[in-house]
Amino acid sequence: MEGLGDARFRVALAANGAGGFDEACREFIRIPGALPNGADPTKLVKNLCANYDADELRFNATARVPLGAQIMGSEPWLLELAARHLATEKSAPRIDLNCGCPANVVTGKGAGSSLLRDPEYVYACVKAVADGARGSGAHVTMKLRSGYDDSSLLRENLLAAREAGARFVSLHARTRAQGYSGRANWEEIAFAKDVLDIPVLGNGDVTSPQRAAELLRVSDADGIMLGRGAVQDPLIFRRIAATVSRDAQGVVRVSDDVFEREFEVELVIDFLRTFAAEVFKTENKPNGKRGSGVQAQELETFKVGKIKSIVKYLFAGNPNLLPHMKSVMQLDPTKTSAEDVLRTVETLVRAEWQTPQNVLVDAFSKRNQYT
Ligand SMILES: Cc1cc2nc3c(=O)[nH]c(=O)nc-3n(C[C@H](O)[C@H](O)[C@H](O)COP(=O)(O)O)c2cc1C
């Protein structure tokens, strides 16, 4: 997610005061639609999966958030090989098949949400992943949108996933054609619950405990998956876990926010510091070389850029912080060190932090990147 969907962001979210989620999934590993000429398939898959680390969110002997792997592709035998490698060599607890990515560069090659045009193809691909994971203990799951151009095949696609061995599905209740426009249609999650006898996680536009509760009320989903909301509110999972519950009659209730302002501010600062500590571990800029003063400056610029990338979203949902965004973005890494940028941001958060409002960070959709 624009430099945020990397290990540093996940670690900062899961560590210290943030957390509150049961499990996370890494961004997709793209498996090619055909074996490149002369390539050795085993080596290819090994290289593609090299950066996946099932223990990325293990903090000590007892504190661990399971991290699933996600693969995206359209060639069943290569998907099977990748799933086998992830399950047996990399100990992935879960392997998710991406049937949601709407990017043309992906769908043009038949992967991601393109699979949803043909339920038989969905079946073949999920089955390939299940065959690859068989006997390993890794769960196979599928992430999907409600359809490609429309949701007319939703039922068939859901059933195909289940027949092929998916243990649960996560449904982003928009079609590929919708991109990120309008609101996610949570009724489609309710539909998936009616169709399936395996768990359904609802996804799309959850930015607060109130919206999490509303999704659960509308759909009766077994759980919630969320993406963009966590970029602007690192406490969102914890906030939801602490305040949203079902009573004995199954009625979804939201209690008052559990955080005192001061406590909340400290948690956000914990998150920022953990993120920065992960960034500061970087010894050489990706693609850069070690050594000279110029390269040291490049590294500092990289670190400042990473902190700014967090600030952009953290400040977006906070009316009191928003006016300070520009001044932070203008900090010049040749004049202000990453440590000083972090201190400036901390001071602002301490003075101005408010519980984020229901604002969806929509910079992604405007850039037409993942959309
Ligand atoms: C920048 C960006 C990167 C994403 N990367 C992935 C991905 O690798 N795999 C995936 O299944 N979904 C990915 N998604 C989609 C999200 O998982 C989620 O389905 C979508 O953002 C809607 O949920 P939200 O409203 O909670 O953000 C990505 C979304 C964005 C904005």
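Helices here are DSSP runs of H or I with at least four residues, strands are DSSP runs of E with at least two, and both are numbered from the N terminus. All views show a predicted model.

View 1. The loop lies between H8 and strand S8 (223-225). Phi of aspartate 220 is near 60°, a positive value in a residue other than glycine. Most residues other than glycine have a negative phi. Aspartate 220 is partly exposed, with a relative accessible area of 44%.

View 2. Is aspartate 205 buried or exposed? Its relative accessible area is 6%. Buried means under 20%, so aspartate 205 is buried.

View 3. H14 covers residues 338-352, 15 residues in total. At 1.5 Å a residue, H14 should span 21 Å. Which residues of H14 are buried? They are Ala338, Val341, Leu342, Val345, Glu346, Leu348 and Val349. These residues cover an arc of only 165° around the axis, so they lie on the same side of H14. An α-helix has 3.6 residues a turn, so residues three or four places apart point the same way. The face turned away from the buried side carries the exposed residues Thr347 and Ala351.

**View 4. Helix H11 packs against H14.** Two packed helices are described by the angle between their axes and the distance between the axes. H11 spans residues 261-280. H11 and H14 pack at an angle of about 165°, with axes 10 Å apart. That makes H11 roughly antiparallel to H14, because angles over 145 degrees count as roughly antiparallel. The crossing of H11 and H14 is right-handed.

**View 5. Helices H5 and H6 cross.** H5 covers residues 119-133, and H6 covers residues 154-164. Their axes come within 8 Å and cross at roughly 25°. Angles under 35 degrees count as roughly parallel, so H5 and H6 are roughly parallel to each other. The crossing of H5 and H6 is right-handed.

**View 6. An annotated span covers residues 49-247.** An unreviewed UniProt entry lists these residues as "domain: DUS-like FMN-binding". The end C-alpha atoms of the span lie 42 Å apart. The span is 39% helix and 20% strand.

Definitions and conventions:
Residues numbered from 1 in each chain as written. Predicted model: local features only at pLDDT ≥ 70, side-chain atom pairs only at ≥ 80, totals over all residues. Heavy atoms only, no water. Expected span 1.5 Å × (residues − 1). Buried < 20%, exposed > 50% of the residue type's maximum accessible area, 1.4 Å probe, protein only. Arc of directions from axis to C-beta. UniProt positions renumbered as here; feature names shortened; annotations may be inferred. Axes fitted to C-alpha atoms, helices over the stretch in contact; angles between N-to-C directions. Parallel < 35°, antiparallel > 145°, perpendicular 65-115°, else oblique. Left-handed = near helix turned anticlockwise from the far one by under 90°.
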